[in-house]
Structures are given as C-alpha cells and as structure tokens.
Amino acid sequence: MTRSFAIEAEGLVKHFGDTVAVDGVSFVVPEGSVLGLLGPNGAGKTTTVRMMTTLTRPTAGTGRVAGHDILGDPAAVRRSMGLTGQAATVDELLTGRENLRLIGSLYGLDPAYIRRASDELLERFSLADAGDRTAKTYSGGMRRRLDLAVSLIATPPVLFLDEPTTGLDPRSRVELWEVLRELVADGTTLLLTTQYLEEADQLADNIVVIDRGTVIAEGTPLQLKDQSGAAALVVTVSRPEDLEIAEQMLRDHVAEVHADRGARQLTAPAEGLGHMTRIAGLFAESRIELDDIGLKRPSLDDVFLHLTGHRAEDDLADDQTEEAS
Ligand SMILES: Nc1ncnc2c1ncn2[C@@H]1O[C@H](COP(=O)(O)OP(=O)(O)O)[C@@H](O)[C@H]1O
Ligand SMILES: [Mg+2]
C-alpha cells in the first residue's frame, strides 16, 4: 500500500464536561513533512495531540497515524510514533543513559542496539558528557533534549512534539530546531505544536492555526502571510526635508498615506507590482532621492493578530514561568 499521509485527523472533537476543548479539527500531514499546529494557550493543541497519540479518546471523530486508526488499532499507532509532551517525562533519579535504556527495553529493543543508539542520541543532543549524571542535575534545556532523545530511541517514523521549545532560552531553541531539521531530512514526519510564530515559520511546511478548538486558517507560511491583509507600499526618502513633498506626490496616486517622520517613511496600501513600479518611476523623475521603495508583506505575527484578534505573545507569560528552570 502506498500512503501519502503519515498523519490524518478527521473531525476530532473532545469535550471535558461543559468545556469543548476541540471542536471538529481535521488536517493531514504528508509523509516526510512538518506540520505546525499553531495556536494560543488553551486553543486545544495538547488535547489534539493527546487524541492523535491515543492518550485520550475523542468524543467524536477519528484519525490515523502511519495508516493505523487511533480508535481501531491504538497499539499499532503507538508503535509507529514518538511523543514529547509539554511537561518533561524523564525520570529524574535515573541518568540520561539509564532513561534511554529504560524506554528502549520497554519497546523490546535489543540491548546491544540500545547501547549503540543511546550513545548516538546522547552525542546528537549534546548530552554525551552528561549522559552518566542523574537527570535531576540537568538544566531545562538538557531535560528537553533528553526527552526528545528518549522519544527517538525506537526510531519512530512519526513524531509528535508538544511545544518542544517553550521555556527554552533562544540558543537552546535554535539548537533544537537544527536537530529537528536533521530528523526531517532523514525522513521523519513531524507534527509540532507551538505558540511561537517564528518557530512555525522556521520549521513547518504547512501550518494549521487553531483557536478555541477550531481550525481558523491553514496553508504554507507564505500562503498565510498572503491571506492576511494586503501588503504595504513603503517609501523611504533619503532627506527628511523631502518627506512632505513626497507625501503630496504619493497622495495623488494612492488612497491613503501614512507618514513616519522618524523613519523618513511613507506607507500606503500596495496595489501590486506594476503600481509600485509606476510610483518608483515618478520619484525617479522628481528631485526626491529615495533610500528605498518596496512592498512589505505582513509577518506571521500580523497574520496571527488578524486571525485571532490577539498577539501570540500575550499568552506566553504563564508558560514561561511554569517551565523556566
Ligand atoms: N483534562 C482536562 N479537563 C478539563 N478541561 C481540560 C482538560 N484538558 C484541557 N482542558 C481544557 O481544554 C481547552 C484546551 O486545552 P489544551 O488542549 O491544553 O490547549 P493548548 O494545548 O492549546 O494550550 C482549555 O480550555 C483547557 O482548559
Ligand atoms: Mg498545550
């Protein structure tokens, strides 16, 4: 059988009493690609991951992982996936190496294989020197890396990561991104949840934005940026004293101009490349010197604000304190 999707969610619903945590979420993740499940705190990301990884049963809907139904064959689902949850699950009293050995033997892997794979994983996650220390001596970043290493010992083809970098310092975050890119290059299919737009932008081939349990947008990072709001035409004049006359000139050709004196910049709704080229021509014929003229696309931050009515960072404060270590 040829499978094109490593992960499929089909109308997933989850109620907790009166709380509707997930309200009909569907998506597919092509084999070997990365899906970013992006949403603010409380959006339903963890609940979706828990349903897809058979940790909690959907109220309605179903899904498949590596072709196996999460309701029909949960054991096969668990054999084909790894999961790194939001809270680290490493055993603090064991060393890094012992944590790896424990999980490896739970999977029934051959001891010689476990030894070799543990060495490789500790090396890959920059834990080789710390491998024989108990995990309680590890920093937050090291625990995250050990957690990820543990979820990889059985080399699952599909990996779920729930907010893998929340609470990590920027350097550890970039290091983890590197490791994840290597995994994907080796063929792993990745679903990661994140509140960091930048992270989705960096890693994901496709993004599904969820808010209050429903999908409110999806597409490639580029498509999402295109969807949300028009691009802006931005003109930067070289001499501050030209700003006013440049503004007058621009007003004859666009609906609305915003002037920023400090930045020597004029911003107007963009009307396409041809329009911009004509305006650039007008400036070229005038005596106004420009530092720059161009189109500015909205950032993913703008997209998020546009879609949800709030910035992603608004929700981060709680998590950061909770996971700082
Ligand atoms: N075990 C639970 N019991 C009751 N409510 C829950 C439970 N788990 C999650 N919720 C609620 O479901 C909603 C979605 O939560 P969650 O999936 O953790 O969101 P996210 O991971 O996007 O922050 C939230 O309102 C949360 O309070
Ligand atoms: Mg969560």
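Let's start with Asp-201. It sits in helix H7, residues 197-203. Keep in mind that this is a predicted model. Is Asp-201 buried or exposed? It counts as buried, because 20 C-beta neighbours fall inside 10 Å, and the cut-off for buried is 20 or more. Now look along the chain to Thr-220. That residue is 19 positions away from Asp-201. Their C-alpha atoms are 8.8 Å apart.

Next, strand E7. This one covers residues 158-162. Five of its five residues are buried, so the strand is mostly covered. Which way do the side chains go? Val-158, Phe-160 and Asp-162 point to one side of E7. Leu-159 and Leu-161 point to the other. In general, side chains in a regular strand alternate between the two faces of the sheet.

E7 has strand partners. Take E6, residues 81-84: it pairs with E7 in the parallel sense, over four bridges. Within that pairing, Gly-82 bridges to Leu-159 of E7. Then E8, residues 189-194. Five bridges join E8 to E7, and these two run parallel. Here Phe-160 has Leu-191 in E8 as its bridge partner.

On to the helices. H3 is residues 96-106, and H5 is residues 140-152. Their axes come within 9 Å and cross at roughly 25 degrees. That angle is under 35 degrees, which makes H3 roughly parallel to H5. The crossing of H3 past H5 is right-handed. Who meets whom? From H3, we have Gly-96, Asn-99, Leu-100 and Ile-103. From H5, they meet Leu-146, Ala-149 and Val-150. By class, the H3 contact with H5 has five nonpolar residues, two polar and no charged ones.

Notes: Residues numbered from 1 in each chain as written. Chains lettered and ligands numbered in written order. Predicted model: local features only at pLDDT ≥ 70, side-chain atom pairs only at ≥ 80, totals over all residues. Axes fitted to C-alpha atoms, helices over the stretch in contact; angles between N-to-C directions. Parallel < 35°, antiparallel > 145°, perpendicular 65-115°, else oblique. Left-handed = near helix turned anticlockwise from the far one by under 90°. Contact = placed C-beta atoms within 7 Å. Nonpolar A, V, L, I, M, F, W, Y, C, P; charged D, E, K, R; others polar. Buried ≥ 20, exposed ≤ 12 C-beta atoms within 10 Å, placed from the backbone. Pairing = 2+ DSSP bridges.
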